[in-house]
Amino acid sequence: MSRADNKGYRFTFGPWNVSTGADMFGPAVRRELPFSKIIRLYKSLGYDGVQFHDDDVVPADWGVSETEKGVRKVKRILDNEGLFVEILAPRLWEHPKTIDGAYTSNSPRDRKYAIERSKRCVDIARMLETRNIVLWLAREGTYIREAKDPVTAVGRIVDAINALLEYDSEIRILLEAKPNEPMDQSYLPTAAHMIGIAYRTVDPDRVGVLIESAHAILAGLDPSDEMAYAIWHGKLWSVHLNDQNGLKFDEDKAFGSVDLRRAFNQVWVLERAGYGSQGECVGFDVKPMRTTKQADITKHLANSRQFFLDLVDVARSLDNELIEQLRKNRDYEELERYVIGALMGKH
Ligand code: XUL
Ligand code: MN
């Protein structure tokens, strides 16, 4: 599929998005596809690049030379498929040493582990030729407020980001906010919190955000306004598009599958901002339904991309002069009819 089929956008997803359906209440319902098979699906699904966690590439406990060898092997597979790597993220929430958080753990030994593991993630990223490190601060928060000192915690997160910026002068940090899950409350629960600390790091120009639709919705915010806020700061460097049906666990539903108008507004804000012109990718973070059969394990990815492209068509079909006129006349009833009509294919 060419860039024209993708309407100028570059699409990415991570191997974890081809999931087996295991959840808190039950085991896998689909076979796990080996990495070599997942990688071969990308191009046929119309995707251009891959998002990785560090241990999607090589196991976290491998030594230096083993790691280098393993990463080179993955790079070869990617090159053969014509795929680039968009982002690398250290999976800091599964290790026994990150039970009480990573950068904000109360244990100095565990905080040290988290920084060392993140530096190793930077090394893997550089070998895979990406400068983009995503930090989803999964366990940086508390189950009970009294468990950690919240002021110290913010400082510790900034110190960790600084350590990575100083470790490699080329990398960029993309902070991914999520207000809860797995924690009861996360520190830095929204993109705006993240952008706030970005300016207090040693190199603010290398710290931005990745905004996930569902995470913004879980914070009670509209994802398109969150994206607009980051765009204004010049800090929207990636997105994880998906959808979410109300305030519950992070559902990672197919993009546009719950609220089409909310999805349209995300596409529209990205379109108007020329998102992608600086190399930014349209990433998805979506799960198949648990009921999905093995043969359909990638349908949610095909659908999410298609819904995005169809909404690009809607955005491009709008009469901007008419919209400005309706805004000027404060005729928002007519503006609503016009937008809903466009979404229903009426003009
Ligand atoms: C978790 C989530 C992560 C990040 C990458 O909710 O979204 O998969 O996107 O670590
Ligand atoms: Mn995500």
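**The ligand site**

Author: A polar side-chain atom of His53 lies 2.8 Å from an oxygen atom of ligand 1, a polar contact being a pair of N or O atoms within 3.5 Å. His240 and Asp250 each place a polar side-chain atom 3.0 Å from an oxygen atom of ligand 1. Taken alone, ligand 1 exposes 290 Å², of which the protein buries 93% (Shrake-Rupley method, 1.4 Å probe). This is a predicted model, in which local features need pLDDT of at least 70 and side-chain atom pairs count only at pLDDT 80 or more, while totals for chains, interfaces and linings use all residues. Residues are numbered from 1 along each chain as written, chains are lettered from A and ligands numbered from 1 in written order, and side-chain values use heavy atoms, without hydrogens and water.

Glu176 in strand 6 (residues 172-176) and Asp285 in the loop between strand 10 (281-284) and helix 10 (299-317) are 109 residues apart, so that the pair links distant parts of the chain (helices are DSSP runs of H or I with at least four residues, strands runs of E with at least two). Glu176 is buried, with a relative accessible area of 5%, and Asp285 is buried at 8%, where buried means under 20%, exposed over 50% and partly exposed in between, with a 1.4 Å probe and protein chains only.

Conventions
Polar contact = N/O pair within 3.5 Å; in protein donor to acceptor, adjacent residues only side chain to side chain.
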